[in-house]
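Please have the sequence and the three-dimensional view at hand while reading.

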Amino acid sequence: MRTMASPITLRGDCVEIHIDLSTFNTAEPAFPFPIILRVNGQILAGLCWSTEGGKLTGQPGDPYGVLQELLNVSKAMLQKQTEYDTTLFIYFGNYVFKCKNSNSLLIYYENELLSYTDCPEFKGRHRGVVELPRKEFVEDVLKISREYLEKYASVIEKIRLEHGEEPDDYDFLWGLYREVKELYGKKFGSKNRRA
């Protein structure tokens, strides 16, 4: 079933999430919207088929779940947990976040759907490792989570409800956001925070 909603792009300095709201995945509503996830320009979620024009498109995912898991990763890293494994609520995606040291975060990713691409520019890009500063990653997660909650959660929720889905618990997501924000403030100081 098609909807007329515009796509959403949540962008920080290193993390970017593109959510295509024009299609709702009625066959697999646990992953309702196509999502492209980039970190430092590297594609962690997305797919490409020459029959679809050879353009990067979204991989089925759940925006609420993606942000919940990114906040959980941030929380774990701020609490000195050294590794966090997740699917990020992205269909056929697997991600392992590891602290390389006190400042750096490594993201090991595998995008099974992209491994089947027939688009030459995306061959071999379905798995890899991205390294970035932990502080900037957490700042981006806080920034995009807040933007999502304030501007887009109601839009996505309306589309989900139109398709007979149960409402998500945004009080929980706000609580998780505030918890990560507080942990960030204790770790890095509130003056440095962008979100």
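Val15, Leu37, Val39, Leu44, Leu70, Leu88, Phe97 and Phe137 line the largest cavity. The model is a predicted one, in which local features need pLDDT of at least 70 and side-chain atom pairs count only at pLDDT 80 or more, while totals for chains, interfaces and linings use all residues. Residues are numbered from 1 along each chain as its sequence is written, and side-chain values use heavy atoms, with hydrogens and water left out.

**Cavity**

- On a 1 Å grid over the protein atoms alone, a cavity is a set of points where a 1.4 Å probe fits but cannot get out, and lining residues have an atom within 4 Å of a point.
- The largest cavity holds about 30 Å³ of space, a volume being the space filled by probe spheres set on grid points that are joined across faces, edges and corners.
- One cavity of 30 Å³ or more is found in a search of the whole structure.
- The lining of the largest cavity consists of eight nonpolar residues, with no polar and no charged ones; Ala, Val, Leu, Ile, Met, Phe, Trp, Tyr, Cys and Pro count as nonpolar, Asp, Glu, Lys and Arg as charged, and the others, Gly among them, as polar.

**Pocket**

- The largest pocket (an open set of points with protein on both sides within 12 Å along at least five of seven lines) has a volume of about 290 Å³.
- Of its 15 lining residues, Asp20, Thr23, Pro34, Thr57 and Gly58 are the closest to the centre of the pocket.
- The lining of the largest pocket comprises eight nonpolar, five polar and two charged residues.

**Helix packing**

- Helices are DSSP runs of H or I with at least four residues, numbered from the N terminus.
- The axes of helix 1 (residues 63-78) and helix 2 (residues 134-162) come within 10 Å and cross at roughly 150°; axes are lines fitted to C-alpha atoms over the stretch in contact, and angles run from 0 to 180 degrees between N-to-C directions.
- Helix 1 is therefore roughly antiparallel to helix 2, a term for angles over 145 degrees.
- The residues of the contact between helix 1 and helix 2 (heavy atoms within 4.5 Å) divide into 15 nonpolar, two polar and one charged.
- Helix 2 also packs with helix 3 (residues 170-188), at an angle of about 160° and with the axes 11 Å apart.
- Helix 2 and helix 3 are therefore roughly antiparallel to each other.
- Their contact includes 12 nonpolar, one polar and eight charged residues.

Terms used: Helices (H or I, at least four residues) and strands (E, at least two) are DSSP runs, numbered from the N terminus. Angles under 35 degrees count as roughly parallel, over 145 as roughly antiparallel, 65 to 115 as roughly perpendicular and the rest as oblique.
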